[in-house]
Amino acid sequence: MNASTEHSSTPQVKPLAKTVVVRNAFGQPVIFGMDWTAVVGGQPLKLARKHARLVRATHYVLIGAPAMTVGSVQLERQYFAQSCGIYSAAALFSVAYPSSAVACLVRFEEGGCWMVASHSGSIISATDRWFVDSQAALEALDAIRVRFPNLVVYEELVASSAQLPVWLNDKCSEQARVSAYQAARLGGKSRVAALVLIVATGLWVRLVEQSSEEGTTVTQAHPGQRWLDTMGQYAQQHPVHRFADLMQVMTAWRRVPFDPAGWQLLRVQCEPVLSDWSCAAHYRRQHRFALNQHLVAVKPGDWEFHAVALDRATLTWSLLQAGQPFDFSQEPLRVDWMTSLQQLSPLFEHIQVGLAAKLPMNAPVDSQGRVLERPVSLPNWHQRSLALKGPLRAMTALQELTAPVRWRSATLEVGNISGQELTRSALVVQLIGDLFEHIP
């Protein structure tokens, strides 16, 4: 494996570099370029550590369920003591887009294109790679399309290491944090010293626990209140989107210049940032006499213009307060959301629902680090990935879907006629998100 290179606020990304480390808006190091392999068998964590040892990796991360993959990489010594943690860009992508087969191309203004693909939250091998340009990355995706014909590909055309995509520039999920492989960090004498220290620490902790059990009683907060606080924090960090919120996002699309002189609108992409949304309209220059000024002249006054390349440009804007915290501590009225989707399916090109899974919520712990038992009186919430694609005119039908949903992306494709008969349209919307359901 090649050594890694980290980039500051004005970096120069090497297109053919194997591993690149970039800091996001929170100052967290994010790794682009890890080697991924499937983990098959019981005790996946043990197998992941064994694989890291075999490939002499300094860091590894295990992700995916039920199919799991382990990513490994060799990093320089400076990354062994990162107090804020180090995160995998590929793992962050799989957390943001855990359903079906999805891929992403991120073209950096400084040079180079990074490509990753995942299936149901597991990273596909031979991805998480750097290419000279997006065309080379698309060619590499051809082999993946053979295995996954319905592969959905996202392109980030305005990314720089100072302006990463939303799902990379938000605070990193702990699921994507990489672990340092201890054996790669310690020499022979250091390993012995570390082992002695670990044994001594273990004995000390055991004595303290015995003393605590014999002589004192630890005062704990009420488990119920601690769980309510945890659920409240999760709700603030994962707001849901009502039908009115989604319509607010799509209403803003009406302000997009659809046919500016000399420019072609390709698509409009929006992604939530907590309760707000970050949106971009992507354009391609059609005529050699077309100028950036022609596009600037027709943009709404509160939007921003970005010249991506000689023949590419984007208009970006933000939408405030188009999301609402949801009270996961309350048991809702029973709704048959699946029948609602079945009734809506003729209006859409496709609707895909994933399997139910528990909310990725860390259980609260007591003062001794022990997990507090969840009160049986609290509602049992699960989430499912939800993806749908259909004509823009069909989106108003989603008001029939009463289950709480958090959308992770909303994309309007322009000009590429899709669908058949009832769903045939040149304005096609693709929504990807998570549907929350209460399971008694």
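Modeller: A disulfide is a pair of cysteine sulfur atoms within 2.5 Å. Keep that cut-off in mind for this model, which is predicted.

Biologist: How far is the sulfur of Cys104 from the closest cysteine sulfur?

Modeller: The closest cysteine sulfur belongs to Cys113 and is 8.6 Å away, which is too far for a bond. Cys113 is likewise in no disulfide.

Biologist: Is Cys104 buried or exposed? And is Cys113 buried or exposed?

Modeller: Buried means under 20% relative accessible area. Cys104 has 1%, so Cys104 is buried. Cys113 has 0%, so Cys113 is buried as well.

Biologist: How many disulfides does a search of the whole structure find?

Modeller: The search finds one. Its partners are Cys270 and Cys279, with sulfur atoms 2.2 Å apart. Both Cys270 and Cys279 are buried.

Biologist: Why is the disulfide of Cys270 and Cys279 called right-handed?

Modeller: The handedness is read from the torsion about the S-S bond, which is about 120 degrees here, so the disulfide is right-handed.

Biologist: Next, the nonpolar core. Which residues of the largest one touch the most other members?

Modeller: A nonpolar core is built from buried residues joined through side-chain atoms. The largest one here has 43 residues, and those touching the most other members are Trp253, Trp277, Trp317, Met395 and Leu431. Several elements give two or more residues to this core, including helix 8 (243-252), strand 15 (276-285) and strand 17 (312-319).

Biologist: What is Trp277 in contact with, leaving aside its neighbours within four places in sequence?

Modeller: Among its contacts are Trp317, Trp407, Val249 and Ala410. Cys270 is also in contact with Trp277, and Cys270 is one of the two disulfide partners.

Biologist: How many residues are in the second, separate core?

Modeller: That core has 39 residues, including Phe32, Ile86, Ala96 and Trp167.

Biologist: Which strand gives the most to the lining of the second largest pocket?

Modeller: Strand 21 does, with six residues. Other elements that each supply at least two residues include helix 3 (134-147), strand 12 (152-156) and strand 14 (263-273).

Definitions and conventions. Residues numbered from 1 in each chain as written. Predicted model: local features only at pLDDT ≥ 70, side-chain atom pairs only at ≥ 80, totals over all residues. Heavy atoms only, no water. Buried < 20%, exposed > 50% of the residue type's maximum accessible area, 1.4 Å probe, protein only. Helix = DSSP H or I, 4+ residues; strand = E, 2+ residues; numbered from the N terminus. Core = buried A, V, L, I, M, F, W, Y, C linked by side-chain atoms within 4.5 Å. Contact = heavy atoms within 4.5 Å.
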